[in-house]
Amino acid sequence: RWTDEYCGNAFQRCEWSAGEDVHLRWSGSTDARGEARADIASRATQDVTVSHPDFLGQVLPLTMNGAAPVELVIRLVRGGSLGLTFLDERSRTPLARKSVEIEQRDAEGSWQRWDQLRTDREGRALIERLPQGRWRFRLEEQPWSELTLGEGESVSRVVECAEPGTVRLY
């Protein structure tokens, strides 16, 4: 049984049968200081998801153990961006509507697929809100090109593509 009392979702009172799994979802906004309060009585681990259109989203596990209130400070960071322009090496014409693959190196050193998109009619691709780290990209069957992206850093590259197996990066 769930009741929503007082002012909207500011206070919730919930009752469940003994031994029943409890799954709660709370959603709210921060105040002018960037703070929000959620009173969670569950002893389970909850995923705290934070999002903002100008920052990287984050998902953090929060384990409630019935002890004193837990304060969780989450620092949002601005994501970086990668602007790519792909040109034919000989004619310097844009390589329009081509598939671009983007991968990020994880903590174990393995490459993980991040995104796949198509270049626009000018041969451009823009990937935004990227976390810092090691990245690689390629246009269709071309070789991979790698770079390191710092926190909030914006990087632009012009990539000249020649015969398969040859890439010039500027």
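The model is predicted: local features need pLDDT of at least 70, side-chain atom pairs count only at pLDDT 80 or more, and totals for chains, interfaces and linings use all residues. Residues are numbered from 1 along each chain as its sequence is written, and side-chain values use heavy atoms, with hydrogens and water left out.

Is Arg136 buried or exposed? I noted it as buried, because its relative accessibility is 16% (buried means under 20% relative accessible area, exposed over 50%, partly exposed in between; 1.4 Å probe, protein chains only).

Next I checked its partners. Leaving aside neighbours within four places in sequence, Arg136 is in contact with Glu101, Ile102, Glu103, Trp111, Trp144, Ser145 and Glu146 (contact: heavy atoms within 4.5 Å). Its side chain makes a polar contact with the side chain of Glu103, at 2.7 Å (a pair of N or O atoms within 3.5 Å; within protein, one must be able to donate a hydrogen and the other to accept it, and residues adjacent in sequence count only if both atoms are side-chain atoms).

I then turned to the largest nonpolar core, which has 18 residues (buried Ala, Val, Leu, Ile, Met, Phe, Trp, Tyr and Cys joined through side-chain atoms within 4.5 Å). Strand E9 (133–139) is among the elements that give two or more residues to this core. Leu82 and Phe137 are among those with the most contacts inside it. Not counting residues up to four places away, Leu82 touches Phe137, Leu147 and Val155, among others.

Last, I checked the whole chain: zero helices and twelve strands.

How values were computed. Helix = DSSP H or I, 4+ residues; strand = E, 2+ residues; numbered from the N terminus.
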